[in-house]
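Please examine the sequence and the model before reading on.

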Amino acid sequence: MTQNDIPNAVKIFHDAFNSVGEHWSIETCTNRINQYFDPETCWVAESDSKVIGISICKIDNGIYGKELYID
């Protein structure tokens, strides 16, 4: 994922979470993506040069050490 992908990533994130009953605003989704954005741990899936999916990962401290959280 690059900075240029963020607007498309926000829309996908928004649509995905709201499709399962969440009520996230575009602003909340934008803040969340910006909070976790790291080109080394965030990826996009593309088809015909269009972003169709995203994977956002962050490393966090867990009970047993480092954990990888995937959105």
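Two strands count as paired if DSSP finds at least two bridges between them. The model discussed here is predicted.

Q: In what order do the 3 strands of the open sheet lie, and which strands are at its edges?
A: The 3 strands form an open sheet with antiparallel pairing. An edge strand pairs on one side only, as β1 and β3 each do. The order is therefore β1-β2-β3, and the edge strands are β1 and β3.

Q: Over how many bridges do strand β2 and β3 pair?
A: Strand β2 covers residues 50-62, and its pairing with β3 is antiparallel. The number of bridges between β2 and β3 is 6.

Q: Is α1 parallel or oblique to α2?
A: The axes of helix α1 (residues 6-19) and helix α2 (residues 26-36) come within 9 Å and cross at roughly 120 degrees. Angles from 65 to 115 degrees count as roughly perpendicular and those over 145 as roughly antiparallel, so an angle between these two ranges is oblique. The relation of α1 to α2 is therefore oblique.

Q: How many residues of the contact of α1 with α2 are nonpolar?
A: On α1 the contact is made by I6, A9, V10, F13 and H14, and on α2 by I26, C29, T30, R32, I33 and N34. Of these residues, 3 are polar and 1 is charged, while the nonpolar ones number 7.

Q: In which strand is confidence lowest?
A: The protein averages a pLDDT of 91, and 100% of the residues score at least 70. Confidence is highest in strand β1 (residues 42-47), at 95. The lowest mean, 86, belongs to strand β3.

Technical notes
Residues are numbered from 1 along each chain as its sequence is written. This is a predicted model: local features need pLDDT of at least 70, side-chain atom pairs count only at pLDDT 80 or more; totals for chains, interfaces and linings use all residues. Side-chain values use heavy atoms; hydrogens and water are left out. Axes are lines fitted to C-alpha atoms, for helices over the stretch in contact, and angles run from 0 to 180 degrees between N-to-C directions. Helices (H or I, at least four residues) and strands (E, at least two) are DSSP runs, numbered from the N terminus. Angles under 35 degrees count as roughly parallel, over 145 as roughly antiparallel, 65 to 115 as roughly perpendicular and the rest as oblique. Contact means heavy atoms within 4.5 Å. Ala, Val, Leu, Ile, Met, Phe, Trp, Tyr, Cys and Pro count as nonpolar, Asp, Glu, Lys and Arg as charged, and the others, Gly among them, as polar. pLDDT is the predictor's confidence in each residue, from 0 to 100.
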